[in-house]
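Notebook open, structure loaded. I jot down what I look up as I go.

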Amino acid sequence: MIAAIQAPSLEVAVLVLGMLLLMIEVFSPQLEKKIFALSAIAALTVVLVATFFLTPNPPAEASTGFWSFYAADPLAIFFKRFALITTILVLIMMIDYTPILRRFVPGSAAMQVGVGEFFALPIFTCAGLMYMASAIDFVMIFVSIELVTISFYVLVSFTRKNSATLEAGVKYLVLSALSTAFLVYGITWVFGVTGTTNLRQITLALANLESDRVAALFGMVLVLVGLGFKIAAVPFQIWVPDVYQGAPTPVTAYLSVGSKAAGFVVLLRVLRPFMMFPNVERLIVIVAVLTLIYGNLAALPQNNLKRLLAYSSIAHAGYLLIGIACIDGRAVTFYLVAYLLMTLLSFAVLVVISQQAGDEIADFNGLGKRSPFLAFAMLIAMASLAGVPLTAGFFGKFLIFWAAIAHHQTTLIIVGVITVGCGFYYYLKVVRAMYWQSAPRIENIPVSGLSKLTMSALILAIIWLGVYPQAIFRALAPQRGAAMVTLVKP
Amino acid sequence: MLLLIIFTPIVAALLIMAGAPARRTALVASILNLALSLIALAAFDRSRQSFNFVSSFQIVPDLHLSFTVGLDGLSLIMLLLATIVTTSAVWFTDRIENYESAFYACLLFVSGGAIGAFASLDLFFFYAFHELALIPTFLLIGIWGVGNRFAAAWKITIYLAVGSFILLLGLILLYQSVPPDARTFDMRGLKSAASQIPPDAQRNIYLLLLIGFGVLVSLFPFHSWAPEAYASAPAPAAMLHAGVLKKFGLYGLLRLAIPLVPAGVQYWTSLLLLLLLGNIIYIGLVTIAQKRLDWMLGYSSVMHMGYIFLGFASANILGSTGAAILMFAHGLSIALLFAIAGELRARTGTLVLEELGGLGKVMPFAGLAFGLGAFAAIGLPGFANFAAEIMVFFGAFQNGWEMNRFHYFQIATVLALWGVVISAVYMLRAYRSAFMGSIPERWSSLADVRATLRVPVTLLVVAMLWFGFFPQSFVRIVSPAFRTYFSTSASR
């Protein structure tokens with residue numbers, strides 16, 4: 001019976017899929033690796049379809065046992081789909097990326113060694129992201145974040161003959177471990193004060209809290225440090241540019257979309273109990289302002305597209321933090337969806353271009369002549385990242401600033417307007433390279449059918465959501481109000 | 001039918017990008033659009049109190065956001081202006097060396113954005129349509145521009161992006177200032193709820209709108225993008241942008257500020273008068289000092305915005321109607337002037353006024369057309385600019401008029417009248433040094449404007465003269481739109 005799928009079985013299915021792929025890799029090493037990726041994509045698509053036939057989860061209040069640390073509310077289901085779609089798109093990019101992979105992984109040119117793992121690891125990450133979307137208990141949050149992070153350790157440093165990648169891997173490993181330490185330490189403080197790790201019970205405990213506010217706040221700040229690392233908020237962003245630039249491009253895309261989105265979902269859930277403290281909002285406003293300014297100003301002089309996108313990901317974290325500071329879950333969710341579409345589209349184009357030339361912006365010179373399709377895809381991605389109306393990126397910014405005006409966050413609004421102006425400059429730099437500059441070479445750039453299809457789908461989705469955003473609102477509708485929006489400040 | 005007018009250029013642009021023959025498709029689409037808008041003009045029902053040709057589609061019910069379009073007198077003439085200028089700009093396009101189809105697609109996107117913005121009754125799409133033109137403008141100037149085109153393209157894009165973002169904040173604030181149960185993006189709905197916006201909120205909203213729209217229209221301290229961009233843009237792009245798209249800001253102010261936030265308009269009147277005098281006097285003097293024809297035209301288009309602002313600031317039927325008609329008239333004349341200037345640049349390779357001269361002998365047609373455009377820009381009788389400027393001045397002068405003393409409105413009007421003299425000085429000087437006098441040897445064998453390119457020029461000239469001699473046909477269409485505005489604000 002198809003209508004009887006329980007939400008947790010989705011993650012189990014994904015994990016089993018990952019293990020199956022590894023097993024097959026071991027027992028039939030001669031198999032063409034592209035088949036791995038394609039079958040993984042197909043299987044994940046099946047799981048994605050399955051998310052539309054879930055049985056309703058037990059009511060939130062009465063939940064015990066497993067359900068006390070795993071929620072299957074619409075927000076969780078929504079971000080499970082988000083994680084699945086991201087992973088599918090990243091796998092498609094990885095297929096395009098295999099030639100580069102073979103160049104930089106020892107011995108793989110002939111033997112295809114290591115390519116199988118490259119396709120299998122994102123599936124484990126995906127399971128971790130899906131658990132993160134559902135986690136409502138600090139223990140669950142921690143375990144799922146670790147599942148994601150540890151698989152990223154391997155992915156980031158996968159092309160290990162490339163010294164930049166190795167550097168990225170080490171940086172990610174060290175700083176990520178450090179942030180995890182902060183997270184655990186923060187969780188223990190919160191646990192010490194409230195006596196529970198369940199977010200719902202923490203809410204109740206904090207409401208009746210008389211004495212130990214400072215201790216609870218201290219724990220929250222430490223948790224914020226740990227999560228700030230995940231979402232690349234200033235001042236925890238130091239790792240971002242180097243790791244993004246050094247990691248294999250599909251992995252960078254995965255980091256900047258999947259890892260960040262899951263971080264924001266957790267942040268939405270974790271901050272909810274703490275928002276009754278007035279200092280918390282102020283703290284988030286400060287972090288948001290810093291993130292906006294740093295991300296946008298540092299992006300201005302970049303000449304390497306991967307680095308530019310790294311700083312842009314910091315900048316977008318700033319806009320998302322505006323939404324967090326206003327506790328507008330709908331705006332944050334929509335922005336993340338828009339961010340997914342436009343970032344993955346630009347990375348998909350970048351994967352193709354970087355095989356031909358490299359990932360400097362100058363390598364895009366004259367792309368409008370060499371491949372009108374890729375140039376148009378990049379144009380749409382950049383326009384959406386900059387926030388041009390009738391694209392998804394604009395509607396995301398619209399909702400964010402909407403929330404900011406409704407909450408009278410004047411500082412955030414002023415900083416936001418200035419940084420939007422900066423954004424136009426550095427995103428249009430790419431457009432300038434593609435159309436204004438003349439091409440150094442004139443031969444066409446081949447694009448595989450699958451990526452062409454993917455890019456077209458992404459372009460259509462960006463424009464469709466820019467004109468008709470209702471689709472996303474409807475997906476969130478049942479719990480809108482319940483979980484996030486009606487969350488009033490005391 | 002209105003939907004057809006809005007989407008014809010956009011669909012044509014998409015077709016061109018998909019591989020349709022660029023010039024033919026663009027031309028057919030724009031002529032079709034001109035014909036459709038003339039039909040709309042004929043079918044327009046003036047006696048109707050509300051909007052004609054309304055159609056509406058729900059987009060986001062939660063936010064009361066819908067795609068709603070409709071026409072009243074004000075938007076009708078802006079629509080007409082857009083289609084006339086689009087047709088002549090597309091027709092006037094010379095051979096394009098590279099990315100030919102992209103050029104026409106960009107032109108059509110700019111045009112479609114302007115038309116959509118003028119026809120939208122929903123704030124969100126009103127805003128979004130205007131922004132549709134942003135990236136195409138960036139490309140138009142960057143790829144096909146001349147001179148210092150890179151800097152100009154950056155400047156206009158970032159200026160307009162930030163300006164429209166400020167505008168967006170104003171629009172959101174406007175929406176949120178209305179009591180929750182009356183919140184809607186529909187301008188008509190907002191108008192009926194506008195009386196419930198508290199006065200101090202009106203001030204903030206209007207200030208944001210004034211700065212946002214002001215940047216888009218090159219109001220005095222925010223003007224520096226305009227001359228540079230128009231000087232570097234290819235002629236058809238300059239025609240469309242200076243003639244049509246720039247009017248969006250003024251259109252927005254007339255459409256939103258007066259009926260929705262009248263207290264704000266009143267509160268900031270003296271500031272606006274100061275800024276618009278900056279446009280008229282300061283920029284006027286700057287224009288006189290220009291040595292190049294394209295820069296002079298760019299600055300003159302900035303300067304003339306001052307008159308339109310004056311008509312808007314006067315906040316009465318006469319002044320607002322004058323402002324609306326001046327938008328139309330100025331759009332035609334500046335498009336004509338940019339067209340001829342572009343042609344001169346293509347032929348002689350320079351627009352430095354001192355190097356030109358005597359071109360009237362070899363290019364009588366261009367000389368005549370430029371002369372008519374210059375006369376119209378000065379505001380000589382016989383052109384719609386004249387009728388409009390008279391209405392603006394009378395409207396502004398009436399404001400706060402007392403027999404025994406001059407109010408600041410009267411002082412502003414008198415100072416603004418000097419602007420007419422200033423524009424006479426620079427226009428006639430430019431005309432003399434380009435077309436009169438002795439002709440340099442190297443240009444004595446230049447041919448006149450090609451026959452095919454004469455058609456769009458003639459179209460603009462005919463439109464100008466027609467509405468110059470019969471401005472009443474316009475006033476009758478436009479002024480009822482404002483009558484409803486001022487009756488609502490008077491009844492409070």
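Helices here are DSSP runs of H or I with at least four residues, strands are runs of E with at least two, and both are numbered from the N terminus. I'm working on a predicted model, where local features need pLDDT of at least 70, side-chain atom pairs count only at pLDDT 80 or more, and totals for chains, interfaces and linings use all residues. Residues are numbered from 1 along each chain as its sequence is written, chains are lettered from A and ligands numbered from 1 in the order in which they are written, and side-chain values use heavy atoms, with hydrogens and water left out.

**Entry: Ala263(B).** I find Ala263(B) in helix H13 (residues 262–267) of chain B. Its relative accessible area is 27%, so Ala263(B) is partly exposed (buried is under 20%, exposed over 50%, partly exposed in between; 1.4 Å probe, protein chains only). Leaving out residues up to four places away in sequence, Ala263(B) touches Pro199(B) and Gln202(B) (contact means heavy atoms within 4.5 Å).

**Entry: Ser300(B).** Is Ser300(B) buried or exposed? I get a relative accessible area of 0%, so Ser300(B) is buried. Ser300(B) lies in helix H15 (residues 293–313) of chain B. Not counting residues up to four places away in sequence, Ser300(B) touches Thr287(B), Ile334(B), Tyr426(B) and Met427(B).

**Entry: Phe376(A).** Over to chain A, where Phe376(A) is in helix H16 (residues 372–386). With a relative accessible area of 26%, Phe376(A) is partly exposed. Again without residues up to four places away in sequence, I list Tyr435(A), Ile459(A) and Met17(B) as touching Phe376(A).

**Entry: H2(B) and H3(B).** Helix H2 (residues 22–43) and helix H3 (residues 73–92) of chain B pack at an angle of about 155°, with axes 9 Å apart. The axes are lines fitted to C-alpha atoms over the stretch in contact, and angles run from 0 to 180 degrees between N-to-C directions. H2(B) and H3(B) are therefore roughly antiparallel (over 145 degrees). By class, I count 13 nonpolar, 6 polar and 1 charged residues in the contact; Ala, Val, Leu, Ile, Met, Phe, Trp, Tyr, Cys and Pro count as nonpolar, Asp, Glu, Lys and Arg as charged, the others, Gly among them, as polar.

Entry: Strands S1 (residues 52–60) and S2 (residues 65–71) of chain B pair in the antiparallel sense over 6 bridges (pairing takes at least two DSSP bridges). Phe57(B) has Phe67(B) as its bridge partner in S2(B).

Key: Parallel < 35°, antiparallel > 145°, perpendicular 65-115°, else oblique.
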